[in-house]
Amino acid sequence: MIITFTMFLIGILLGFIGAGGSGFIIAILTVVFGVPIHTALGTSLAAMVFTTLSGAYSHYRQGNIDVKAGLTAGIFGAIFSYFGSRIAVGIPVDSLHWLTAGMLFLSAVMLMTRLFLVNRLKETNKSETKSAVSFLIRAASVGIVTGVLSGTFGIGSAPFIQLGLLIVLGLSIQKSVGTTMLVILPIAMAGGIGYYFEGYFNALLLVQVLAGTMIGSYIGAKFTNHVPVPILKIAMVLTPIMAGATLLIL
């Protein structure tokens, strides 16, 4: 119950800032509850499958998903997310803590780019009609890079995916946000399967995490529109930074 209640509080924060928060979940599970980091990585990826499913469906209904781009990047991402999970198993625990923390700090940098340079990207980024081969290469590159990052470090890589869709594939801001949800689904599923086959999966822990975060995020989302946008952006950037700092405690 303590884990569920803690995840409930984290869920309120994540729902408020509109983030998946896998990094924060990993940090709390390992530092506060002593869960082995490999198990925490597998649990966070499995949890993302459920937490992003409703978001992807909602964005699809609103027309914010480029299905072709999302499926292409997602399929390549899933393949390399699975391989990423196999890579993580071979990384020593102490090193994996440092590497995951570093990726969370890098996520914060990417998120700042996404949040504070968004208008510039909107003005300069335009979709162009290119050949099918060119599209496949660009979509595959987005999937491969983000898939490896997600599978190896157990993070959602949403800022990386969004920027990839914006810059590499030329999607609009709205499309990049919605399509990211679709890309994350197969990546999280394949990565979670990889950790499962390696023995780093705890079904009870997954239920506890989901019970807390899903209820908490539903409540937290109700506060999003009542806070000034600058404060919301700062909170979004500080969340992965705090998660990374928490991991460095070990």
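This report describes the fold, the confidence and some packing details of a predicted model.

## Overall fold and confidence

The chain contains 11 helices and 0 strands, and its pattern along the sequence is accordingly written α-α-α-α-α-α-α-α-α-α-α. Of its 250 residues, 52% count as buried. When contacts between residues at least 6 apart in sequence are considered, 84% of them join residues at least 24 apart.

The mean pLDDT of the chain is 81, with 87% of the residues reaching 70 or more. Confidence is highest in helix H4, at a mean of 92, and lowest in helix H6 (residues 118-124), where the mean is 52. Over residues 123-129 pLDDT stays under 50, and for this stretch the model has 7 contacts beyond four places in sequence.

## Helix H4 against helix H9

Helix H4 (residues 67-89) packs with helix H9 (residues 173-197) at an angle of about 25°, their axes lying 7 Å apart. Because angles under 35 degrees count as roughly parallel, H4 is described as roughly parallel to H9. The crossing in which H4 passes H9 is right-handed.

On the H4 side, the residues that meet H9 are Val67, Ala69, Gly70, Leu71, Ala73, Gly74, Gly77, Ala78, Ser81, Tyr82, Ser85 and Ala88, and their partners in H9 are Thr179, Leu182, Val183, Pro186, Ile187, Ala190, Gly191, Gly194 and Tyr195. Sorted by class, the residues of this contact of H4 with H9 comprise 13 nonpolar, 8 polar and no charged residues.

## Helix H4 against helix H7

H4 also packs with helix H7 (residues 132-153), here at an angle of about 35° and with the axes 6 Å apart. H4 passes H7 in a right-handed crossing. From H4, the contact draws on Lys68, Ala69, Thr72, Ala73, Phe76, Gly77, Phe80, Ser81, Gly84, Ser85, Ile87 and Ala88, while H7 supplies Phe135, Leu136, Ala139, Ala140, Gly143, Ile144, Gly147, Val148, Ser150, Gly151 and Thr152. The contact of H4 with H7 has 12 nonpolar, 10 polar and 1 charged residues.

Asn64 is placed in the loop between helix H3 (37-61) and H4. With a relative accessible area of 17%, Asn64 is buried, because the class covers residues under 20% relative accessible area.

Asn64 and Gly178 are 114 residues apart along the chain, yet their C-alpha atoms are separated by 5.0 Å. Once neighbours within four places in sequence are left aside, the residues in contact with Asn64 are His59, Gln174, Lys175, Gly178 and Thr179.

## Ala27, in helix H2

Ala27 lies in helix H2 (residues 22-31) and is buried, its relative accessible area being 0%. Beyond the neighbours within four places in sequence, Ala27 is in contact with Val32, Ala243, Thr246 and Leu247.

Note on methods:
Residues numbered from 1 in each chain as written. Predicted model: local features only at pLDDT ≥ 70, side-chain atom pairs only at ≥ 80, totals over all residues. Heavy atoms only, no water. Axes fitted to C-alpha atoms, helices over the stretch in contact; angles between N-to-C directions. Helix = DSSP H or I, 4+ residues; strand = E, 2+ residues; numbered from the N terminus. Parallel < 35°, antiparallel > 145°, perpendicular 65-115°, else oblique. Left-handed = near helix turned anticlockwise from the far one by under 90°. Contact = heavy atoms within 4.5 Å. Nonpolar A, V, L, I, M, F, W, Y, C, P; charged D, E, K, R; others polar. Buried < 20%, exposed > 50% of the residue type's maximum accessible area, 1.4 Å probe, protein only. pLDDT = per-residue confidence, 0-100.
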